[in-house]
Amino acid sequence: MTPVGNEEEIAWYCGLVGIPGLGRKRLRELYEKHGSFTAVGKGWRQVAAEAGFPVKLIGAGVERLSGVHSERRLTFLRQNGIGVIGCWEEVFPPLLRNISDPPLALFYKGNIELIAGPAIGIVGSRKPTPYGRAACAQLVKELCGKGLVIVSGLAHGIDAEAHRTALRIKGATIGVLGCGIDVVYPAAHRPLFREVESAGLLVSEYPPGVPPVPGLFPERNRIISGLSVGVVVVEAAERSGSLVTADCALEQGREVFAVPGPIFSEVSAGPNNLVKQGAKLVTGIEDVLDELPPYWKAVIASKKKGSGAFADGKVALDDEEQRLFQHIRHEPIHMDEVGRRLSGADQACLFRTLLKLESKNVIASLPGGYYVRR
């Protein structure tokens, strides 16, 4: 497997992201100033000196960014089936790109098209009750039935229940890791990791080999909410990592939902308090769907109605249709943006070709002039 996107940019990013002392904030500032990780890496000594970095950090970067190491990193990615999707690519999901502290890139294994969503985050207790497991499973079944992708953190308890239920019913699921993409944590979830990798998508902002240290998991939570149009909390104690994810969702302007529980249950304290603070109480899927903005409701409706005929190879497209179709993904795109990506001749018949593709049921139109693949 070849990593997605520009291999030179990926090689330099992989080198830079592992430099000791060069955190995400500093690296983002360098990227924004110089326009690419390639420019930062190739000019490392001067770039780092101008930024006022200490001599030790500059020296660590020189060693880390050697050509031999860069080629080894790319070889490792290919041999281990690891892709990279970076902020420099158009396919990087807009929902995630627009949070206050987005990842600079995501390492992944599995079906990267799932990252386009729309998705719902499901989080909760690592020690759920039978009620919590049943509520989680029921919601996941209904959400997957509407074409939504289930995002969670592959932890024990509710996370695992959400992933397993989605996999069991052939739904779509994304596991967001708080360690390197090649590190299985918790170790007992190795079979679940392999299932998600095979039938869903695993993502991590951390390079391969990064161990699961406690400080990385709160950072991971912002990606769970950042990929989602809303987050559902199913059982959580008053001081729970799941509530960190809910806080991230609120900061990002996402909807927060809570499954209520018995007042005597310790793991119901979290969601019950969220309801007091204004989260939407959830007793069924309609409580989730009703709170989503009209735009996302339309996207979900279009996914649900899709026949999948094109994916099955049953629809033939002529050259003109194919040239336009390749610019329409599962993430909504405005017709004006499609037009800008076409040549003059194809631009002239843009509207006509869109109508032809829609009549063949391979794309769907959304409010405001947006289109998505079915």
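**Rings, buried residues and backbone exceptions**

Tyr-295 is partly exposed, with a relative accessible area of 27%. Tyr-370 also counts as partly exposed, at 30% relative accessibility. On this scale, buried means under 20% relative accessible area, exposed means over 50%, and partly exposed lies in between, as computed with a 1.4 Å probe on protein chains only. The model is predicted: local features need pLDDT of at least 70, side-chain atom pairs count only at pLDDT 80 or more, and totals for chains, interfaces and linings use all residues. Residues are numbered from 1 along each chain as its sequence is written, and side-chain values use heavy atoms, with hydrogens and water left out.

The whole structure contains nine aromatic pairs, a pair being two rings of Phe, Tyr or Trp (its six-membered ring) with centres within 6.5 Å; planes under 30 degrees apart count as stacked, over 60 as edge-to-face and the rest as tilted. In one of them, Tyr-13 and Trp-88 have ring centres 6.1 Å apart and planes at 55 degrees, so this pair is tilted. It joins distant parts of the chain, 75 residues apart: Tyr-13 belongs to helix H1 (residues 7-16), and Trp-88 to the loop between strand S1 (83-86) and helix H7 (94-97). Helices (H or I, at least four residues) and strands (E, at least two) are DSSP runs, numbered from the N terminus. Tyr-13 is buried, at 2% relative accessible area. The rings of Tyr-295 and Tyr-370 have centres 5.6 Å apart and planes at 80 degrees, and the pair is therefore edge-to-face. This pair, too, links distant parts of the chain, with Tyr-295 in helix H15 (residues 294-305) and Tyr-370 in strand S12 (residues 370-373), 75 residues apart.

Tyr-13 and Trp-88 also belong to an aromatic cluster with Tyr-31, Phe-37 and Phe-107. An α-helix has 3.6 residues a turn, so residues three or four places apart point the same way. Gly-35 follows H2, and its phi is positive, near 90 degrees.

Most residues other than glycine have a negative phi, and most peptide bonds are trans. Leu-154, not a glycine, has a positive phi of about 60 degrees; it lies in the loop between strand S4 (149-152) and helix H9 (158-168) and is buried, with a relative accessible area of 0%. Glu-235, also not a glycine, has a positive phi of about 65 degrees. Its place is the loop between strand S7 (230-234) and helix H12 (241-251), and at 2% relative accessibility Glu-235 is buried. The peptide bond from Tyr-185 to Pro-186 is cis, with omega near -5 degrees, and Pro-186 sits in the loop between strand S5 (173-176) and helix H10 (190-199).

The cysteines complete the account. The structure holds zero disulfides, a disulfide being a pair of cysteine sulfur atoms within 2.5 Å. For Cys-136, the nearest cysteine sulfur is that of Cys-144, 10 Å away, which is too far for a bond. Cys-136 is buried at 1% relative accessibility, and Cys-144 is buried at 14% relative accessible area.
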